[in-house]
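Welcome! Here is a short tour of a structure that may be new to you. Please take a look at it first, and then read on.

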Amino acid sequence: DLESHLRRCQQLSVTVLTDHQDLNNTELKTILNSTAPQQYRIRAKLRTYKPQKLCQSIKLHCSKCNSLQEVPDGDDFDFILQGSAVTAPNPELHNTSWYDSLMWTTQDQKQRKIAIHFVKHDEMLQQPEDTLLMIEGGTLKEVWKLTKRFKCVIPVRSTEDDLELLDLSAPFLLQGNIKYYGCKQCSTPKPIKSLSSVAAEQRPSWEPTEIAQVLGIELLQYVFIMKFTLVDGTGALNAYLFDY
């Protein structure tokens, strides 16, 4: 894997980096004293790389404000779900023209009320693999169960007038095993009824980019970032890897 390969690179006396075979090797000292942008071929040793754990290399990037943030862990999401479950689903918001609703009370001590809203197309429910649904009052475990069967899951809570998204520290959309997040700074969340316009399309695809757009969410993208420090005896150069 990449982690063990990086360790081997550190142990070797020199590592050839980049593939500009038509260029002669240039000392790092010369590169550091040059103006960018230029192409070079170097022969250097990998002194350090960061982060040490590759899982920490995955970040969330907003292309609008250019911010980077850590990917929240499952505990954060679970905590937000538990907080939203304190507000019971509002029955007046159930069974509208564009979604059907089911509500039940759990049999455990907490007796949580859970509501699931299945978005319709042409007044009909789609096949599970094509269905977008919204859930109120569910736990992290229940949300993940739904993502295994249905195409898209949006965690929501009730207000007096409409369903709304949770805090944007939580994913606004789950699709398969992927969690989609919105930028808190650049997003202006709209009421959930905005999704009815997508449901009315001839063939709703429920693509994350389209869902984000109609809900006023600036979609964060997962990026891979690493920093390498290269040395060749004449100087040290920091190289950064940033890719989607």
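At 31% relative accessibility, E164 counts as partly exposed, a class that lies between buried (under 20% relative accessible area) and exposed (over 50%), judged with a 1.4 Å probe on protein chains only. The model is a predicted one, so local features need pLDDT of at least 70 and side-chain atom pairs count only at pLDDT 80 or more, while totals for chains, interfaces and linings use all residues. Residues are numbered from 1 along each chain as its sequence is written, and side-chain values use heavy atoms, with hydrogens and water left out.

**Salt bridges**

- Side chains of opposite charge can pair when their charged atoms come close.
- Counting a salt bridge wherever a side-chain nitrogen of Lys or Arg is within 4 Å of a carboxyl oxygen of Asp or Glu, the total comes to five.
- E164 and R157 join their side chains in one of these, at 2.9 Å from N to O; R157 is partly exposed at 27% relative accessibility.
- K59 and E70 form a salt bridge at 2.7 Å, N to O.
- This pair links distant parts of the chain, eleven residues apart, with K59 in strand 3 (residues 58–61) and E70 in strand 4 (residues 68–70); strands are DSSP runs of E with at least two residues, helices are runs of H or I with at least four, and both are numbered from the N terminus.
- Buried or exposed, what is K59? K59 is buried, with a relative accessible area of 17%, whereas E70 is exposed at 52%.
- E142 and R112 also form a salt bridge, and their closest N and O atoms are 2.9 Å apart.
- Because E142 sits in helix 4 (residues 140–149) and R112 in the loop between strand 5 (99–105) and strand 6 (113–121), the pair ties together parts that are 30 residues apart in sequence.
- E142 is partly exposed, with a relative accessible area of 24%, and R112 counts as buried at 14% relative accessibility.

**The second largest pocket**

- Rolling a probe the size of a water molecule over the atoms shows where empty space is left.
- A pocket here is an open set of points, on a 1 Å grid over the protein atoms alone, where a 1.4 Å probe fits, with protein on both sides within 12 Å along at least five of seven lines.
- The second largest pocket holds about 230 Å³ of space.
- Its lining is made up of 16 residues, and Q82, A85, V86, K110 and R112 lie nearest its centre.
- Helix 3 (residues 74–84) supplies the largest share of this lining, three residues.

**S84 in helix 3**

- S84 lies in helix 3 and counts as buried, at 6% relative accessibility.
- Leaving aside its neighbours within four places in sequence, S84 is in contact (heavy atoms within 4.5 Å) with R157 and L166.

**Aromatic pairs**

- How many aromatic pairs does a search of the whole structure find? The search finds three, where rings of Phe, Tyr and Trp (its six-membered ring) pair if their centres lie within 6.5 Å, and planes under 30 degrees apart count as stacked, over 60 as edge-to-face and the rest as tilted.
- The rings of W98 and Y99 have centres 4.9 Å apart and planes at 85°, so this pair is edge-to-face.
- W98 is buried, with a relative accessible area of 11%, and Y99 is buried too, at 2% relative accessibility.
- F242 and Y244 are edge-to-face because their ring planes stand at 80°, with centres 5.9 Å apart.
- F242 is partly exposed, with a relative accessible area of 40%, and Y244 counts as exposed at 53% relative accessibility.

Technical notes. 1 Å grid on protein atoms, 1.4 Å probe; cavity = no way out; pocket = protein on both sides within 12 Å on 5 of 7 lines; lining within 4 Å. Points joined across faces, edges and corners; volume = space filled by probe spheres on them.
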